Amino acid sequence: MAAGSFHWDAASVPLSERFDCFVESVCRAFTHLEPTRLDRSAVFHARIDHRETGGVAVTHLAGSNYLSRRTPAGIARAPSHDYYLNYLVTGTLQVHQGGGQAAVSDAGVFILDNQRPFELAMPREGAFRSTVVRMGRPLWLGAHAQGLPGLEAMLRSHPLLPLLKMHLAQLSARGATASD
């Protein structure tokens, strides 16, 4: 593993240990998320490819049947001042943050504020693939957005959203071919 990159694939872990290994090796160690398994009878899978170069971080994620939370305790353990621009390549997620919620599906874009608690839920037997770009905390973004509802409204109404989605789709396609 090169400096600034991280790769983890549940396929290398025995089925009975996959989710617990994912929680301990990835979620609590790096992202400080608290995942919950939605369907213990379904086969769990997850793959993460993360690259960071020149202050830009891009993470390609694929996963199934879990709920992901960033809790106040996780925020206290690992403070972060970043926003995360999320492009959902495939799947469906319910996103909850700051009293707002959004249903996001294929080719959807949403922003999460990592300083605030959030929850990402997928359908019980669902799977998703996404690309996440870490952004610093620009003052203009924080000044115009009061949590998820404000961020979502600003993003949906922005005239450059189609161009952003096109570039995120290209970035996602490159990430998928690099990790497959």
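A disulfide is a pair of cysteine sulfur atoms within 2.5 Å. This is a predicted model, where local features need pLDDT of at least 70, side-chain atom pairs count only at pLDDT 80 or more, and totals for chains, interfaces and linings use all residues. Residues are numbered from 1 along each chain as its sequence is written, and side-chain values use heavy atoms, with hydrogens and water left out.

Q: How many disulfides does the rule give?
A: The count is 0 disulfides.

Q: Why is C27 called buried?
A: Buried means under 20% relative accessible area, exposed over 50%, and partly exposed in between (1.4 Å probe, protein chains only). C27 has 4%, so C27 is buried.

Q: Why is C21 called partly exposed?
A: Its relative accessible area is 21%, so C21 falls in the partly exposed range.

Q: Where does N114 lie?
A: N114 is in the loop between strand 9 (108-113) and strand 10 (118-121). Strands (E, at least two residues) and helices (H or I, at least four) are DSSP runs, numbered from the N terminus.

Q: Why is N114 called buried?
A: The relative accessible area of N114 is 9%, under the 20% limit, so N114 is buried.

Q: What is N114 in contact with, leaving aside its neighbours within four places in sequence?
A: R70, I75, S80, D82 and Y84. Contact means heavy atoms within 4.5 Å. N114 and Y84 are 30 residues apart in sequence, yet 7.2 Å apart in space, C-alpha to C-alpha.

Q: What makes the link between the side chains of N114 and S80 a polar contact?
A: A polar contact is a pair of N or O atoms within 3.5 Å; within protein, one must be able to donate a hydrogen and the other to accept it, and residues adjacent in sequence count only if both atoms are side-chain atoms. The N114 and S80 side chains make such a contact at 3.1 Å.

Q: What sets the phi of N65 apart?
A: N65 has a positive phi of about 35 degrees although it is not a glycine. Most residues other than glycine have a negative phi. N65 sits in the loop between strand 4 (56-64) and strand 5 (66-70). With a relative accessible area of 2%, N65 is buried.

Q: How do you know that strand 7 and strand 8 pair?
A: Two strands pair if DSSP finds at least two bridges between them. Strand 7 and strand 8 are joined by 6 bridges, so they pair, and they run antiparallel. T92 has S105 in strand 8 as its bridge partner.
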